Amino acid sequence: MIAARLATTGRGRAVAALLAVLATAALAACNVNPYTLGGDGDGGVIGDDAGGHDDGGGTIDARPPADAAPDACLPAPESCNTVDDDCDGQTDEDFNLDADPEHCGDCATSCDYTHAFGVCNAGACERGACVPGWVDIDGNPDDCEYFCIQTGGGVEVCDGRDNDCDGQSDEGFNLDSDPNNCGTCGHACNLVHASAACDTGQCVVDACDPGYVDLNPAVPGCEYLCTPSNGGVEICDAIDNDCDGVVDDGNPGGGQACGTDTGVCTAGTTVCSFGQLFCVGGNGGGPEVCDGMDNDCDGVDDNGFDFDNDPAHCGGCTACTVAHATAGCASGGCTVGACDFGWHDRNGLPGDGCESFCIATGAELCDGVDNDCDGLVDEGFDTQTDVNNCGSCGNVCGFANATATCDAGACAIDACDPNFWDDNGLPGDGCEYGCVLTNGGVETCDGQDNDCDGVIDDGNPGANQVCGTTTGACDTGLTSCSNGAIVCVGDTGPTSETCNNVDDDCDSGVDEGYDKLNDPRYCNNCAGCSLDHAIAGCSAGSCTVLACLSGWFDGNGLPGDGCELNCTPTGQEVCDGVDNDCDGLIDDADPGLLTPGNFCDPQGECAGTSPTCTGATGWDCVYGPTVEVDGNGDIVAEESLCDGLDNDCDSPDGVIGVDEAYPLKGTACAEDGTFGTSRELGICRGTGSLVCNGSHDGLACDVTSAGATPVAETCNNVDDDCDGHVDEPYDAGGYAGVRDVVVGPVTIGGQAVVMYRYEASRPNATAASAGFVETRACSVAGRLPWAGGDHAEADAACKAAGMRLCKVTRNGSGVITADEWGRFCEGAANRTFPYGNTYQGTTCNGSDYDPVPGGVNEDFAIPTGTLAGCQSQDLGRDLSGNLKEWTEDPRTVGGQTVYTLRGGSYDNHAGGLSCDFDLTVVPSDYTFANTGFRCCALSCPAGQSECGGACVNLATSNASCGACGRACGGGEACSNGYCCPVGSRACGDQCVPNASPCP
């Protein structure tokens, strides 16, 4: 407070004037700026000035020393102290104790008043004018107790403020009955097609406009266009005659009997439908048909049909059908009228019609055809005995050198011609054998077929008599008839003697004339000697080596293989497939062969392999089956197997270099359709690590943490229902989308609206962290709210949740006509604060609330819904304090578009924490740590979202597929928030044909 005591004389009066100007300027500067850009400025209260009093600027009166003469005086500036300070013989002559408020009546009295200027009148203090900004409304002469600055020229208007500073706000305005300020100031009742009235703070219909009716109380106004007709009595004319919202209600004209019960007809009841009376529940019949019933309801069944002569209804309602003929009817029985061309009725039975097909070609022939169409085939021909048609027509019997006969339809030989015989018994060649009998038909060994049986000398006449000798190599045989003469068959006769241990010439002497003991030609018991690469000899009947040919050696001393060793000595035995030292032993068969050391790779799976001599190709390392080699048997440069082994032998420690072709081995993997896994999404996706697969040619994912079962979505940055979408607001696949916790619905501006119960938080926020994921907003208790975003960020977060920022609607004069945020904060009772009309400093998280008891009073945001008492009538939490909240309330100030922040924050005082405080406005790109938001929307069915002022199912809407305004293209349809080709549907995050199962 600016000091009220001012000197009234000299320099003091000038100072007083200056301080009055400064006081006025200071008070004006402290006024709340209704358009504060940035900063707080929404809860400040001008406090009392703590300055001291003006003491006039004098000094302490100087006194003479104690031993000075009584009349001694040391001049000093005069002060009001009943002392002659200036030694002029007068006391306090410069001070007017009758009028000076600083020294009123005496030097010690100062006229001080709270928030008012003091006045001294005839030495007595009186209260003067109030300090600018303060008003005396209680009549107490000691102070000006009411702080108020007049607005609107001091004329009271309905705006929640004391415009005329009389201690009352909005006096003269009845919020219970004023249709221009109904319930709250500025809330004008504007009803559709109706004049409005205000009843106990609620807008109601006073009278409907002509032609309109108020049917739905939830719709503000008279929404139904209707004029009563027919005197307001409902008739069946497709018109709402009584204007009750239902056309033809009460089934006017209905309920009367109609129709007949004759024949197939049944009676019904009249019903009013689409403005006409119909006979419902009856059957009106129709044209008569042949079905054994009275279809035309004339009392006669099947009248008009000729059952005696009409082949279409012969003997009844069934038509005659005759095969291959035109049907007839006689006395109610079906007959053959006329056969079709080529068809004949042989049996006279109408049941099979004209059953025989035949076209006459002339006289009957033996050809398997009824040529004369008499019903008989090949009559007059005997195929059983006729040799010209034996067995079948045209089969003529004939045999070579014989006469023929036909017996039981088969051709046979009757008799052979003279000197011809049927020896083979085959009729195909007739009597095939020509022959003349000799020797009386008795066979003898003469080279002739004496008995004409087709065999010469058959029976081997004169055979089987013993002939020949058995001496030496000779042996006896038996006689046989051969080529017309007797010969000795099977005997062995003498031959020239040869060295073979046999009496070849049958003279009882064996191998006479041959030296089998010394001649190498007959040595070895006549076998002779032939030795490889050697000159052979014979000793005592056995072959010997006399000498080896050049370059050959008898390495084993055995004459049987001669000089078997072809060798040229070259020195020490080496692995080359050659007997280098010509000892008859080659390569590793020779104990003298030297094996090289450190020839084979000693690492990995190669360890322990010894070199192998492979002959002409030299030494080789034959590694085991776990070592990978190329086509030449060499170790590959890079192993391809995945088996936990060092297959290319490049690991010095058995770890480095193992399965190096698979660097991902041991890393994390998931069920994403790779590495042998099925493709799962969201929480259904199991995780594990990559290991070698069973065929050791790649990696497989070893799932050690199985995926979870899909559940309904919650706002947690997790794909809970495993469909590829995270935190979607719509339902799909049998699982619910995110159900943000909302309050309402409440009818605001004629629409049912809901609002987040809690301040918006990020999907991955916790009670200790505000999170960082900004895909959408969430309404969840116990999370740090989403702070610091600008208007665009808040708006986008709400839209991603299928909602929007809470709207404030103003008319052309800026007066609020609908306030979603304010309505939910104030509740139906129009509270000043969410919890009531009286400020409670610790009920909500404002400047007066200490989130950490003890010590200093900290100011920061706390988890949503922490303070149970900070709750509105509609159960909304933290609408006062915690974070200021963006709203969709754009206004233009100084040519700049600004948006309103509502509710105040953790660092605001009482004035800025009220529900109707809307003076904090900021540009759209404003960001600060104490700024947050919450979302509103139309009250849509569960799983639907607000898009452009309408409720939409984002799972199936082609115009808003998965998000508002995201339209599917031509040939596409929306399935679970995905645009899929027509004829397909979404399975997870893939589109598959409708007829195919999900992969």
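Two strands count as paired when DSSP finds at least two bridges between them. The strands themselves, like the helices, are DSSP runs numbered from the N terminus: a strand is E over at least two residues, a helix is H or I over at least four. What you have above is a predicted model, where local features need pLDDT of at least 70 and side-chain atom pairs count only at pLDDT 80 or more, while totals for chains, interfaces and linings use all residues. Residues are numbered from 1 along each chain as its sequence is written, and side-chain values use heavy atoms, with hydrogens and water left out.

Let's start with a hairpin. Strands S39 (residues 891–893) and S40 run antiparallel and share three bridges, with Arg891 sitting opposite Val898 of S40. Two residues lie between these strands, and in that turn Gly894 shows a positive phi of about 60°.

Three antiparallel bridges tie S40 to strand S41 (residues 920–923), and here Val898 faces Pro923. Strand S38 (residues 884–886) also pairs antiparallel with S40, through two bridges, and Glu885 is found opposite Arg902.

S10 and S11 (residues 268–273) are joined by two bridges, and Cys258 has Gly268 as its bridge partner.

Finally, look at the rings. The structure has eight aromatic pairs (rings of Phe, Tyr and Trp, using the six-membered ring of Trp, with centres within 6.5 Å; planes under 30 degrees apart are stacked, over 60 edge-to-face, the rest tilted). One of them is Trp786 with Phe933, edge-to-face at 5.4 Å centre to centre and 65° between the planes. This pair links distant parts of the chain, 147 residues apart: Trp786 is in the loop between strand S34 (751–756) and helix H2 (791–800), and Phe933 is in strand S42 (residues 931–933). Both Trp786 and Phe933 are buried.

Another pair, Phe833 and Tyr839, is tilted, at 5.6 Å centre to centre with 50° between the planes. Phe833 is buried, at 6% relative accessible area, whereas Tyr839 is partly exposed at 26%. Together with Tyr835, Phe833 and Tyr839 make up one aromatic cluster.

Technical notes: Buried < 20%, exposed > 50% of the residue type's maximum accessible area, 1.4 Å probe, protein only.
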